[in-house]
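Dear colleague,

I am passing on the structure below for you to look over when you have time. My notes on what was found in it follow directly after.

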Amino acid sequence: MASPQGPPSLPGRRRSALRRGSAVVPLLLAAVVAAPGIAAVVPAVTGPERPAVTAPPSVPPWQQAPTSLSQEPPGNLLLPGPLATDAPLPSGTALAATLDPLLNADGGGSFTAEVQDALTGEVLYSRDGTRAVVPASNTKLLTAVAALQTMGPDRKFQTRVVSGPAAGAVVLVGGGDVLLAAGASQPGLTLGHVGLATLAEDTVASLVAAGYAGSVTVSVDDSLFSGPNLSPAWEDGDIAVGEIAPVYSLALNSARYDPGSTSGPRPQDSALTAGQAFAAALGSAGAVQGLTVSTDVGRYSGAPLAGAPELATAESATVGEQVQLMLETSDNYLAEVLGRMAADSQELAASSAGAVDVVLQELESLGIAPGRVQLADVSGLTLDNTIPAAELTDVVRAMTSGTDLRLRAALPGFPVAGLTGTLNGRYLSGASASGAGLVRAKTGTLNTVLALSGYVVDADGRLLVFSFIGNNLEPGAPANKAALDQAASAVAGCGCQ
């Protein structure tokens with residue numbers, strides 16, 4: 001085992017914790033891990049030239065990397081297979097000899113690491129794996145657990161339109177779906193599953209059926225969430241560049257102006273932005289029926305709406321599909337919303353603090369003591385979060401091999417090396433290319449932090465889970481991300497007997 005490189009001094013929030021540098025278009029996962037409806041289908045993998053991944057016939061099936069993305073995922077297959085039933089356990093000594101030379105920080109800082117056997121939980125390799133470190137967006141793995149355990153993968157969120165107290169007043173009520181689209185509903189997608197244009201058409205139909213004709217006003221009710229909509233743990237710089245925005249219970253495109261973008265500034269009031277888009281769609285749909293719709297949209301502040309006549313309603317994509325999208329694209333906004341919805345489901349405050357509380361609460365069911373995890377948010381945008389690599393590995397193992405089968409719903413969201421999500425532009429060449437299509441892992445990136453936690457099937461057919469985390473790294477030092485990718489590829493390929 002490698003000797004520790006000294007505990008890092010956890011940095012305070014003095015520098016903006018800027019994250020990913022490239023936009024990612026959500027894709028369907030490769031056939032071996034895909035699940036329907038998590039993103040738009042693309043006809044082929046695009047981008048830089050990818051490494052050859054066609055395996056010779058002598059290579060076992062679990063080491064044959066997918067060469068394309070599937071439009072028709074085969075059922076609900078979540079793990080590579082078939083796995084070898086008698087696969088040997090890797091040697092810890094051989095793993096250490098393989099990984100120790102790779103996990104060296106470029107320009108300062110250090111890496112912690114752990115590799116476990118997914119079947120037994122046996123620790124095969126640890127480099128200071130129990131030391132608490134900043135996990136960056138690997139925090140979202142914890143949020144995924146909380147969302148799936150509290151709400152279940154099949155839960156959906158409702159967006160409703162109800163009648164206000166005055167004639168012609170309609171209220172758009174947010175129920176936690178922040179993946180609304182401005183246009184028509186697209187039931188096959190997660191982002192855009194519910195479209196405001198479709199909701200507006202249904203609303204107009206209800207108004208006309210009730211005999212109403214005249215002017216219509218729109219307001220929004222976003223009262224589901226409570227407390228500050230910005231965490232004090234977040235840096236102003238991260239808010240300015242769009243890593244996060246004030247969190248509301250309804251939004252278009254996960255609080256993005258453009259559904260095809262995962263970067264750039266966000267609307268600072270996503271609820272009103274959604275309300276304005278709904279009013280515009282309502283105006284278009286109502287024009288042929290003689291309805292006129294005011295473009296002046298505000299927040300509802302009248303009497304409680306309990307029991308108000310419902311004009312239209314629509315249900316979001318499932319929690320399982322939303323968790324997959326959150327992990328694949330590493331969307332901070334969606335993570336924070338899922339945390340608040342999980343808290344609400346447990347009758348905790350649907351707030352930033354409530355989200356943290358429910359995540360810590362749910363980790364206990366995995367045997368992770370609250371004292372081993374420190375959280376200030378549930379998206380991983382702050383340097384105030386700490387969790388050891390050992391606990392992150394436990395979380396991934398619970399997803400792949402644990403007794404709570406609801407957690408399996410997270411697996412299709414793990415980015416696939418060289419193919420999807422936040423690993424789409426990695427593993428394309430050099431020493432890590434052998435892991436393309438084989439490594440499935442959640443990424444994490446802050447100024448001085450890099451993390452990678454996921455699972456592989458090694459060359460002998462053994463399912464392994466891992467977590468590699470670098471802290472106090474030199475920002476932008478090129479060899480650090482390469483070290484993580486090479487380490488994961490080495491675990492996939494070594495066999496290590």
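In this predicted model, five strands form an open sheet with the order β2-β1-β11-β10-β9, and the pairing within it is antiparallel. The edges are taken by β2 (123–127) and β9 (440–446), each of which has a single partner strand, so one side of each is left without a neighbour in the sheet. From one strand to the next, the twist averages 5°.

Turning to the helices, the axes of α7 (residues 332–345) and α8 (residues 352–363) come within 8 Å and cross at roughly 75°. Because angles of 65 to 115 degrees count as roughly perpendicular, α7 and α8 are therefore described as roughly perpendicular to each other. On the α7 side the contact is made by G339, R340, A342 and A343, while α8 contributes S352, G354, A355 and V358. Sorted by class, the residues in this contact are four nonpolar, three polar and one charged.

Helix α5 (residues 270–287) is a separate item: its 18 residues reach 26 Å from the first C-alpha to the last, which is close to the 26 Å expected at 1.5 Å a residue. The buried residues of α5 are S270, A271, L272, A274, G275, A277, F278, A279, A281, L282, A285 and G286.

How values were computed. Residues numbered from 1 in each chain as written. Predicted model: local features only at pLDDT ≥ 70, side-chain atom pairs only at ≥ 80, totals over all residues. Heavy atoms only, no water. Axes fitted to C-alpha atoms, helices over the stretch in contact; angles between N-to-C directions. Helix = DSSP H or I, 4+ residues; strand = E, 2+ residues; numbered from the N terminus. Parallel < 35°, antiparallel > 145°, perpendicular 65-115°, else oblique. Contact = heavy atoms within 4.5 Å. Nonpolar A, V, L, I, M, F, W, Y, C, P; charged D, E, K, R; others polar. Expected span 1.5 Å × (residues − 1). Buried < 20%, exposed > 50% of the residue type's maximum accessible area, 1.4 Å probe, protein only. Pairing = 2+ DSSP bridges.
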